[in-house]
Amino acid sequence: MREAIMRRMGWTVNVSFLIAACALPVSASAQYDCKKPLYLTFDTGHMEVAPLIADVLQRQQVRVTFFAAQEPTKQGDGSLGAHWAAWWRARGAEGHAFASHTWNHVYWRADLGDAAAPAFRVRPSAGPRQGRDFTMGAPEYCEELGRAADRLQTLTGQKPLPLFRAPGGKTSPQLLASAKACGYTHVGWAPAGFLGDELPSEKFSNVALLRKALQDIRSGDILMAHLGIWSRKDAWAPAVLEPLIVGLKAKGFCFRTLREHPDYAAGQLR
């Protein structure tokens, strides 16, 4: 059934590889002992694959951390809009964690100003100034972070973590210091944790990305993917997601949210 849905949506899947990967043995005790934790995170995107991603996470009993912005979507009024409110509410009830990705998916481009009055050249990929460069002061950037966090709390019923992920992972020491001053710590990802769903499928097939991730990921890594990428022809999710989770569990890994990360747990953030 899932294969038929994916084919109707224009996704190509290596079915035999998918079945073989999902048939790998899973160590239930590893999930409880959690001696080899991984931290799977998702940034928002076009959201078309979000329901199927949620199905996989629920079926595999994996909790993740979502970094959310109000991005354009294939259905509805943005990834944090009313159309997706029920989806976010369900994820809150399931025990996932949430954090800001800025409201308008604002890319840092350069530092301006100085330490006394920091400012940044930015380019949002959403909102009324989408695709345009302009200057944003540190207070405005903090408003971007807080607006996304406030919306997440409204949608999920859960207090977001005092964390953020800058779009594209693009930051500077000045940006990080400004965010820290208003209560937000930045979270990137491990080199092996870049799962490749942004890469062109013509050069980086789903099978190749899955193989590389299973080979390179190590305990403690933060992993990063998206709730839909506009530019990738053969969608990474959910084709790779479940085989990846199953394969990593078979290797003794377990999954935790950033609430439990030693660097980002609530008691460690000051």
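Okay, let's begin with Thr185, which you'll find in strand β8. Before I go on, please keep in mind that this is a predicted model. So, is Thr185 buried or exposed? Thr185 has a relative accessible area of 16%, and buried means under 20%, so Thr185 is buried. Which side chain does Thr185 touch through a polar contact? That would be Lys180, and the contact between the two side chains is 2.8 Å. There's also Pro162: it sits 23 residues from Thr185 in sequence, yet the C-alpha atoms of the two are 6.5 Å apart in space.

Right, on to the cysteines. How many disulfides do we have here? The count is two.

Let me take Cys142 and Cys182 to start with, since β8 has already come up. Their sulfur atoms are 2.1 Å apart, and they form a disulfide. The torsion about the S-S bond is -90°, and this link between Cys142 and Cys182 is left-handed. Where do the two ends sit? Cys142 is in helix α6, residues 138–156, while Cys182 is in the loop between α7 (173–181) and β8 (185–186), so the bond ties together parts of the chain 40 residues apart in sequence. As for accessibility, Cys142 comes out at 17% and counts as buried, whereas Cys182, at 29%, counts as partly exposed.

Now the other pair. Cys34 is joined to Cys254, with an S to S distance of 2.4 Å. Here the torsion about the S-S bond is about 100°, so this disulfide is right-handed. It links distant parts of the chain: Cys34 is in the loop between α3 (28–33) and β1 (37–43), Cys254 is in strand β10 (residues 254–255), and 220 residues separate them. Cys34 is buried at 17% relative accessibility, and Cys254 is buried too, with a relative accessible area of 0%.

If you number the bonded cysteines in sequence order, the pairing reads 1-4, 2-3.

Last stop, helix α5, which covers residues 85–94. Which of its residues are buried? They are Ala85, Trp87, Trp88, Arg91, Gly92 and Glu94. And what covers them? The cover includes α4 (50–60), β2 (65–68), β3 (97–100) and α6.

How values were computed:
Residues numbered from 1 in each chain as written. Predicted model: local features only at pLDDT ≥ 70, side-chain atom pairs only at ≥ 80, totals over all residues. Heavy atoms only, no water. Disulfide = S-S within 2.5 Å. Helix = DSSP H or I, 4+ residues; strand = E, 2+ residues; numbered from the N terminus. Buried < 20%, exposed > 50% of the residue type's maximum accessible area, 1.4 Å probe, protein only. Contact = heavy atoms within 4.5 Å. Polar contact = N/O pair within 3.5 Å; in protein donor to acceptor, adjacent residues only side chain to side chain.
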